[in-house]
Amino acid sequence: MEEFLTARLLLRRFLPSDGPALHAYLSLPEVVRYEPYPVQSAEDCERLAAERAARDDLWAVCLRASGDLIGNLYLHREEPRAWRTWTLGYVLHPGHWGRGYASEAASTLVTACFERRGAHRVTAGCDPRNAASWRLLERLGFRREGHFRANASFTSDAEGNPVWHDSYLYAVLADEWRAHTGLSR
């Protein structure tokens, strides 16, 4: 099983037993505010842990010292495969926000994507109201490529009408990543 160790983190595949740890953060409104799903119940998280354990595009972010699961990363290969493009996403428990864990985890996974998987491009999207997310992407070396107006809806109003919101598209190319991180070819 592929794993990644950083100075403070272990990135590993999900385990079916990760349900309680997922619930610890996916049950919090501030965590799912910008996600395409609502607050998750304990039962939802038990199911999600089992589903995630069968996938190869979701990564558990764990503290290296304790093994505690504190969040997750998403790194999915887009179609068509000939474009060699991957999409990155991240969610962390708010008790661990502001400590650089998201940067450390995302940087490790993006580097591996370029070096081991032959990616040409990695993209990421975020809600413009989520300043912490787009600032993270910019610190990592991603550049904003687009601001899409009213292109997504994750909720409905009282009458059942979609509540639209904007989104940003960020991306980094392999050459840009190497220049930003100092990696060689």
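Colleague: How do the residues lining the largest pocket divide into nonpolar, polar and charged?

Modeller: The lining has 23 nonpolar, twelve polar and nine charged residues. Here Ala, Val, Leu, Ile, Met, Phe, Trp, Tyr, Cys and Pro count as nonpolar, Asp, Glu, Lys and Arg as charged, and the others, Gly among them, as polar. This is a predicted model, where local features need pLDDT of at least 70 and side-chain atom pairs pLDDT 80 or more, while totals for chains, interfaces and linings use all residues. Residues are numbered from 1 along each chain as its sequence is written, and side-chain values use heavy atoms, without hydrogens and water.

Colleague: Thanks! Which strand gives the largest share of that lining?

Modeller: Strand 5, residues 85-92, with six residues. Strands are DSSP runs of E, at least two residues, numbered from the N terminus.

Colleague: Switching topic, where is Ser167?

Modeller: Ser167 belongs to strand 8, residues 162-173.

Colleague: Is Ser167 buried or exposed?

Modeller: Buried, because its relative accessibility is 14%; buried means under 20% relative accessible area, exposed over 50%, partly exposed in between, with a 1.4 Å probe and protein chains only.

Colleague: And which side chain does its side chain make a polar contact with?

Modeller: That of Asn151, at 2.9 Å. A polar contact is a pair of N or O atoms within 3.5 Å; within protein, one must be able to donate a hydrogen and the other to accept it, and residues adjacent in sequence count only if both atoms are side-chain atoms.

How values were computed: Helix = DSSP H or I, 4+ residues; strand = E, 2+ residues; numbered from the N terminus.
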